[in-house]
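Please keep the sequence and the structure in view while reading.

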Amino acid sequence: MVKKIRIGTGAGYSGDRIEPAVALAEQGNLDYLVFECLAERTIALAQKRRLADLNAGYDPMLKERFRKVLSPCAKNKTRIITNMGAANPKAAGKIIFDLLKEFGLTHLKVGVVLGDDVFDRLLSTNFSILKKTKDIQKIKEKIISANVYLGTSKIIEALKNDADIIITGRTCDSSLFLATMMFEFDWKEDDWDKIGKGIAIAHLMECGAQVTGGYFADPGYKDVEDLANLGFPIAEVFENGEGLITKLPTSGGEVSLRTCKEQILYEVHDPSSYITADGIADFTKLRFEEIEKDKVKISGGIGKPRPDDLKVLIGFRNGYVGEAQISYGGEGAFRRAELAAKILRERIKILDLKFEDLRLDYIGVNSLWPDNSHFENLKEVRLRVIGRAQTREDAEKLPYEVEALYTNGPAGGEGVSKGIEESIAIISAFIPREEVIEKVEFIGEENEED
Amino acid sequence: MKRISLREIAYARSGDKGNVLSIAVIPYNEKDYDLLKEKLTLKVVREQFKGIVKGQIKRYDLENLKAFNFVFYDALSGGVTSSLRLDKHGKTLSSKLLGMKIEI
């Protein structure tokens with residue numbers, strides 16, 4: 001019999017729905033359930049939480065997700081791999097270990113992949129080990145974090161050591177899936193074509209419902225069934241690197257040529273060189289074939305050698321952002337919103353607020369992209385004001401001034417919403433592979449005491 | 001000759017990485033691939049993104065999937081972690097592209 005494995009996607013982003021993962025854990029007949037929960041934005045937010053609390057910085061939904069899937073995964077011998085460790089994989093590992101005790105599942109082994117966090121190492125070398133450091137040197141004093149996109153190697157090591165649950169921090173999204181294939185089929189780390197095929201399947205899987213009909217529907221043009229019960233994808237992968245993308249028949253959505261075509265190009269630049277830490281995938285020879293309803297066969301992937309340098313995401317403090325919105329309605333709504341904007345611009349001058357970046361947009365008119373049409377007949381319009389300042393004091397005056405428009409602005413303003421937050425921005429750089437030291441730690445009672 | 005929205009014959013998906021936006025454009029009917037190859041020139045696409053995209057635009061043709069991938073540099077006001085735009089990821093910009101008029 002030809003060996004094959006079944007991998008399910010349990011989450012395509014940090015805040016993703018939980019029930020589709022539970023359905024996959026219970027009915028998916030899975031070997032692996034993978035939760036991909038980190039984006040460029042998410043790791044920055046996680047670093048911010050860790051700065052406030054040394055024991056925090058892992059995914060905020062970690063406990064909730066594991067509580068729901070631990071029992072079915074243990075029962076069906078499905079191993080779990082996730083980057084929900086975010087900015088603090090070790091703390092996440094300890095949380096999982098505590099949950100296993102609570103669930104009476106301490107026979108399960110938890111592996112934590114460490115080494116993506118290179119911030120201390122960069123500090124001690126004055127950021128000199130990075131390539132292209134010109135931009136970095138300018139913001140050096142404001143940097144709070146640096147995380148490398150790791151590849152598959154330590155996930156594979158954890159699997160070889162019988163880990164049932166593997167927690168990582170920043171890892172290439174594709175690596176979370178590819179590691180299972182390389183481990184199960186014993187693919188060599190320089191078998192570039194196999195790795196290229198694996199990355200293609202991983203890339204289709206890593207955003208969850210985006211390949212099963214999510215982020216896709218356009219009524220009358222692209223209709224998708226039962227979006228309220230959208231299912232997450234399952235990949236069936238064979239030893240030769242070919243595979244199928246499918247979903248549970250009881251779930252909503254679709255897996256079709258059209259969903260696979262859209263997702264394979266998602267966040268891709270040159271489709272002949274999709275770069276990951278494990279290899280460079282070439283999607284230009286891929287073949288998709290809808291062999292039956294909700295089952296698409298993937299073949300023809302190829303690959304090229306992995307890059308020498310790894311990508312690093314560097315988080316830095318980027319001032320404070322204040323934002324507020326207010327609505328106007330009825331005849332003349334747009335003119336009154338324009339007047340409100342004019343008043344705000346003057347108030348910013350009078351109060352001498354220093355904004356590095358400031359936007360005043362009209363929601364329903366031009367908040368998504370520029371538009372110079374006339375809007376005399378709008379029934380309602382919402383003014384959105386947002387600005388970034390270096391000081392919290394300046395930033396927070398902006399929402400305050402919008403709220404003051406209730407009694408000091410044009411007639412009939414309503415529905416003010418406002419907020420302020422510190423902005424952590426991300427810049428990317430590259431680090432030579434050999435500078436990154438990765439390792440796996442297994443969480444157990446003995447680690448508990450330290 | 002008829003003037004239609006690109007949306008009538010193709011669909012699209014936006015993605016972002018840092019300050020770079022990518023949009024996949026795929027004809028509903030594979031037969032329209034060659035037509036789109038001719039119509040979706042960098043010049044007309046740049047016109048559609050006037051005031052939004054500041055950098056270079058590239059088009060990649062995927063004969064195997066009968067699809068196109070457009071890549072727009074310096075297109076997202078610094079990218080998702082620093083942009084003040086309501087559409088930080090540029091997700092709505094696929095719809096902007098589909099609103100482009102073409103003559104067939």
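## Terms and conventions

Two strands are said to pair if DSSP finds at least two bridges between them. Strands (E, at least two residues) and helices (H or I, at least four) are DSSP runs, numbered from the N terminus.

The model is predicted: local features need pLDDT of at least 70, side-chain atom pairs count only at pLDDT 80 or more, and totals for chains, interfaces and linings use all residues. Residues are numbered from 1 along each chain as its sequence is written, while chains are lettered from A and ligands numbered from 1 in the order in which they are written.

## A strand of chain B and its partners

In the hairpin formed by β4(B) and β5(B), 4 residues lie between the strands, and K66(B) takes a positive phi near 50 degrees. Strand β4 (residues 57-62) of chain B runs antiparallel to β5(B), and 6 bridges join them. Within β5(B), F72(B) is the residue opposite I57(B). Strand β3 (residues 20-27) of chain B also pairs with β5(B) in the antiparallel sense, over 5 bridges; here I23(B) has F70(B) as its bridge partner.

A residue is buried if 20 or more other C-beta atoms, placed from the backbone, lie within 10 Å of its own, exposed if 12 or fewer do, and partly exposed in between. Strand β5 (residues 67-72) of chain B is mostly covered, with 6 of its 6 residues buried. A67(B), N69(B) and V71(B) point one way from the strand, whereas F68(B), F70(B) and F72(B) point the other way.

## Domains and sheet of chain A

An automatic or database domain assignment supplies the domain bounds. Chain A is divided into domain 1 (4-115 + 150-307) and domain 2 (314-428). The centres of these two domains, taken over C-alpha atoms, are separated by 39 Å.

Chain A has an open sheet of 10 strands with mixed pairing, in the order β11-β12-β8-β7-β1-β2-β3-β6-β4-β18. At the edges stand β11 and β18 (439-443) of chain A, each with a single partner strand, so one side of each has no neighbour in the sheet. Inside this order, strand β8 (residues 243-246) of chain A is joined to the antiparallel strand β12 (residues 295-299) of chain A by 4 bridges, and L244(A) stands opposite K297(A).

## Cores

A nonpolar core is a set of buried Ala, Val, Leu, Ile, Met, Phe, Trp, Tyr and Cys residues joined through C-beta atoms within 7 Å. The largest has 133 residues, of which L33(A), V312(A) and V25(B) touch the most other members. Helix α9 (residues 192-205) of chain A gives the most to this core, with 7 residues. Both domain 1 and domain 2 of chain A contribute at least three residues each. A second, separate core of 23 residues includes A333(A), F334(A), Y362(A) and A395(A).

## Contact between the chains

Two residues are in contact if their C-beta atoms, placed from the backbone, lie within 7 Å. How many residues of chain A are in contact with chain B? There are 37 such residues, and they meet 28 residues of chain B. On the side of chain A that touches chain B, β17(A) gives the most, with 5 residues. The residues of this side divide into 16 nonpolar, 6 polar and 15 charged. In this count Ala, Val, Leu, Ile, Met, Phe, Trp, Tyr, Cys and Pro are nonpolar, Asp, Glu, Lys and Arg are charged, and the others, Gly among them, are polar.
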